[in-house]
Amino acid sequence: MSTRVIELKRSVFESNDERAELLRGELKDKGIFLLNLMSSPGSGKTTTLKATIAALKDKYKIGVMEADIDSDVDAKKIAETGVKAIQLHTGGMCHLDADMTRQGLDALVEGDVELAILENVGNLVCPAEFDTGASKNAMILSVPEGHDKPLKYPLMFSICDVVLINKIDVAPYFDFDLEKCKEYIHMRNPKAEIIPICAKTGEGVDKFAEWLSSQVEDWKK
């Protein structure tokens, strides 16, 4: 006896993709660049974000949306940098979709924001499945996670425009092969920019800031 399988997620994703594309177009018209920053928990998203803000806050009016299941810890840390920061609680959901991102942006861009950054929920699976409407996607892979993560989480690496390899300072203490990691990332996404950094010491952050600045300028054209 044959079994009929109905893929229910398809319509959900298609509907979200349509709303995400609409949001992306609206942001383009308003001259607002939205970066979707993803990673697993503990990779150093907030520390990286604080260092990046320090490098760019004199050049752009920056606003940050901190997404989490609960708490406002990260939003408080970002607010210390002097930029506008809001906390988004997902109600237990492990990702943001386009509608949730729009709600956050409505609150964030009441002022004049040129560069909006969404620090997505810490997760290498769900956030990769939902288009937020971002101008570009970025992710952080930390050295302690291992160089084989692109093989285990292909979708996340395939959708990202830039991959930051963080905590590069501790690479000698882990079985982490940087060249292998780069190879695996480009297996999933040949066009991905790869930038090794150490958010704690600032190593490589200037290169990421330059990349981000160039994307913002291109977006404005």
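Thr-48 counts as buried because its relative accessibility is 2%, where buried means under 20% relative accessible area, exposed over 50% and partly exposed in between (1.4 Å probe, protein chains only). The model is predicted: local features need pLDDT of at least 70, side-chain atom pairs count only at pLDDT 80 or more, and totals for chains, interfaces and linings use all residues. Residues are numbered from 1 along each chain as its sequence is written, and side-chain values use heavy atoms, with hydrogens and water left out.

**Overall architecture**

- The chain contains nine helices and seven strands; helices (H or I, at least four residues) and strands (E, at least two) are DSSP runs, numbered from the N terminus.
- The chain has a radius of gyration of 17 Å, which agrees with the value near 17 Å for a compact globule of 221 residues; the radius is taken over C-alpha atoms, and the globule rule is 2.2 Å times the number of residues to the power 0.38.
- Along the principal axes, the C-alpha atoms of the chain fill a box of roughly 60 × 45 × 35 Å.
- Of the 221 residues in the chain, 50% are buried.
- Among contacts (heavy atoms within 4.5 Å) between residues at least 6 apart in sequence, 73% join residues at least 24 apart.

- Thr-48 belongs to helix H2.
- Not counting residues up to four places away in sequence, Thr-48 touches Ile-140, Leu-164, Asn-166, Ile-197 and Ala-199.
- Thr-48 also lines the largest cavity, together with Leu-35, Leu-37, Leu-49, Thr-52, Ile-117, Phe-208 and Leu-212.
- On a 1 Å grid over the protein atoms alone, a cavity is a set of points where a 1.4 Å probe fits but cannot get out, and a pocket is an open set with protein on both sides within 12 Å along at least five of seven lines; lining residues have an atom within 4 Å of a point.
- A search of the whole structure finds one cavity of 30 Å³ or more, and the largest cavity has a volume of about 40 Å³; grid points are joined across faces, edges and corners, and a volume is the space filled by probe spheres set on the points.
- Strand S1 (33-39), H2 and H9 each supply at least two residues of this lining, and H2 gives the most, with three residues.
- The lining of the largest cavity comprises six nonpolar, two polar and no charged residues; Ala, Val, Leu, Ile, Met, Phe, Trp, Tyr, Cys and Pro count as nonpolar, Asp, Glu, Lys and Arg as charged, and the others, Gly among them, as polar.

**Helix H9**

- Helix H9 (residues 205-220) has 16 residues and reaches 23 Å from its first C-alpha to its last, close to the 22 Å expected at 1.5 Å a residue; the expected span is 1.5 Å times one less than the number of residues.
- The buried residues in H9 are Val-205, Phe-208, Ala-209, Trp-211, Leu-212, Ser-213, Gln-215, Val-216 and Trp-219.
- An α-helix has 3.6 residues a turn, so residues three or four places apart point the same way.

**The largest pocket**

- The largest pocket has a volume of about 170 Å³.
- Of its 15 lining residues, Pro-41, Lys-45, Asp-74, Glu-119 and Gly-122 are the closest to the centre.
- Helix H2 (45-56) and strand S2 (62-68) are the elements that give two or more residues to the lining of the largest pocket, and the largest share, three residues, comes from S2.
- By class, the lining of the largest pocket has three nonpolar, seven polar and five charged residues.

**Individual residues**

- Leu-141 is located in strand S5 (residues 136-142) and counts as buried at 0% relative accessibility.
- Not counting residues up to four places away in sequence, Leu-141 touches Gly-146, Lys-149, Phe-157, Leu-164, Ile-165, Asn-166 and Cys-181.
- The C-alpha atoms of Leu-141 and Pro-196 are separated by 9.4 Å, and the two residues are 55 residues apart along the chain.
- Lys-167 is found in the loop between strand S6 (162-166) and helix H8 (178-188).
- Phi of Lys-167 is near 65°, a positive value in a residue other than glycine, and Lys-167 counts as partly exposed at 26% relative accessibility.
- Ala-107, in helix H4 (residues 98-108), is partly exposed, with a relative accessible area of 33%.
- Leaving aside neighbours within four places in sequence, Ala-107 is in contact with Lys-84 and Ile-86.
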